[in-house]
Amino acid sequence: MTTNSTLSISHLTVKFGGLVALDDVYLDVPSNSIVGLIGPNGAGKTTLFNSISGLVPVTTGEISIHGKNVSWPKSYDLAGYGISRTLQGVGLFSGLSVVENVMMGANIESGSNFFKDLFGLSGQAEKKLRRRAEDALAWAGALALADKNPSELTYPETKRVSIARALVLQPSILLLDEPAAGLGQDDIDKFASLLQQLKQRCSIIIVEHHVDFIGQISDQVYVLNFGKVIASGTFDTVKRDPAVLAAYLGTSSQSGNDQLGGS
Ligand SMILES: Nc1ncnc2c1ncn2[C@@H]1O[C@H](COP(=O)(O)OP(=O)(O)O)[C@@H](O)[C@H]1O
Ligand SMILES: [Mg+2]
């Protein structure tokens, strides 16, 4: 563990019945850095995210946040740990403006009745939350969209608003599961520079099939295969690692984006 770790994990094992989804996994996320997680399908990437966000029970393992050993986060108290993740499958509410959708992000993770909470806020509390939402939108490069209706947004704009919704919790750790999925090259490049800005504000752990994108943005890359970390380090180091090349060569049925060493 480095002295300025935002999050550090050691000896993490997750079993689903007889299946070992994660096996003695370690991860260290220095402050203000982007850590990329790659690996073939079924390697355990999502399970690692779910362990950090309290969505699967951890069999064994330790986690520390800001250098302090803590118990594994519960899904209903991620904000208490300073952790936020984008919510896949949770679309934006079309009856609300973009900024109101982002304000909702403050309550979604806490499991409370967010409709009641948002509309029951005092004028002053609402103003404060709105300012936080505008700040989050600014960091996500989407402040100009604040008063739009979600139905007016392009697909890449929707992605930015989802990031803003995760940022409204003012996390120190942001988990992004395949945020570039479905984006064209032009938007991927813009998204990469957005994330480079964002790491001034928090650490980012990102799972992405798009290996070139991971290489472009990550300070550290971890490669998982069959639940184990088979390599970690800079992208330039891991992409030459024989174990990594072997893992990817064994998955030639996957899409071109999943292949290493193409560029
Ligand atoms: N809730 C679950 N119950 C049983 N097996 C699971 C569950 N979630 C994931 N797995 C299994 O754990 C392994 C890792 O899956 P996953 O973390 O989704 O991989 P990745 O995200 O890298 O594709 C796979 O073999 C998968 O089938
Ligand atoms: Mg996955």
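## Before you start

What you see is a predicted model, in which local features need pLDDT of at least 70 and side-chain atom pairs count only at pLDDT 80 or more, while totals for chains, interfaces and linings use all residues. Residues are numbered from 1 along each chain as its sequence is written, chains are lettered from A and ligands numbered from 1 in the order in which they are written, and side-chain values use heavy atoms, with hydrogens and water left out.

## The four-stranded sheet

Let's begin with an open sheet of four strands, ordered β2-β1-β4-β5 and paired in the antiparallel sense. Strands here are DSSP runs (E, at least two residues), numbered from the N terminus, and two of them pair if DSSP finds at least two bridges between them. Since β2 (19–30) and β5 (68–70) stand at the edges with a single partner strand each, one side of each is left without a neighbour in the sheet. On average, neighbouring strands of this sheet are turned by 20° against each other, direction ignored; such angles run from 0 to 180 degrees between N-to-C directions, with axes fitted to C-alpha atoms, for helices over the stretch in contact.

Look next at β1 (residues 5–16), which is joined to the antiparallel β2 by eight bridges. Along this pair, L7 has V29 as its bridge partner in β2, and I9 stands opposite L27. The two strands form a hairpin with two residues between them, and G17 in the turn has a positive phi of about 60°.

## A helix across the hairpin

Helix α1 (residues 45–52) lies across β1 and β2, and runs at about 115° to β1. Helices are DSSP runs too (H or I, at least four residues), and contact means heavy atoms within 4.5 Å.

## Around ligand 1

Which residues surround ligand 1? They are F16, L19, A21, P40, N41, G42, A43, G44, K45, T46 and T47, where being near means having a heavy atom within 4 Å of the molecule. By class, this shell has five nonpolar, five polar and one charged residues; Ala, Val, Leu, Ile, Met, Phe, Trp, Tyr, Cys and Pro count as nonpolar, Asp, Glu, Lys and Arg as charged, and the others, Gly among them, as polar.

Polar contacts (N or O atoms within 3.5 Å) also reach the ligand. A backbone N or O atom of G44 lies 2.9 Å from one of its oxygen atoms. A polar side-chain atom of T46 is 2.9 Å from an oxygen atom of ligand 1, and for an N or O atom in the side chain of T47 the distance to a ligand oxygen is 2.6 Å. The protein covers 57% of the 560 Å² of accessible area that ligand 1 has on its own, by the Shrake-Rupley method with a 1.4 Å probe. α1 gives the most to the shell, with three residues.

## The six-stranded sheet

Finally, six strands form an open sheet with mixed pairing, in the order β6-β7-β8-β3-β9-β10. Within it, β3 (residues 34–38) and β8 (residues 203–207) pair in the parallel sense over four bridges, and V35 stands opposite I205 in β8.

How values were computed: A polar contact is a pair of N or O atoms within 3.5 Å; within protein, one must be able to donate a hydrogen and the other to accept it, and residues adjacent in sequence count only if both atoms are side-chain atoms.
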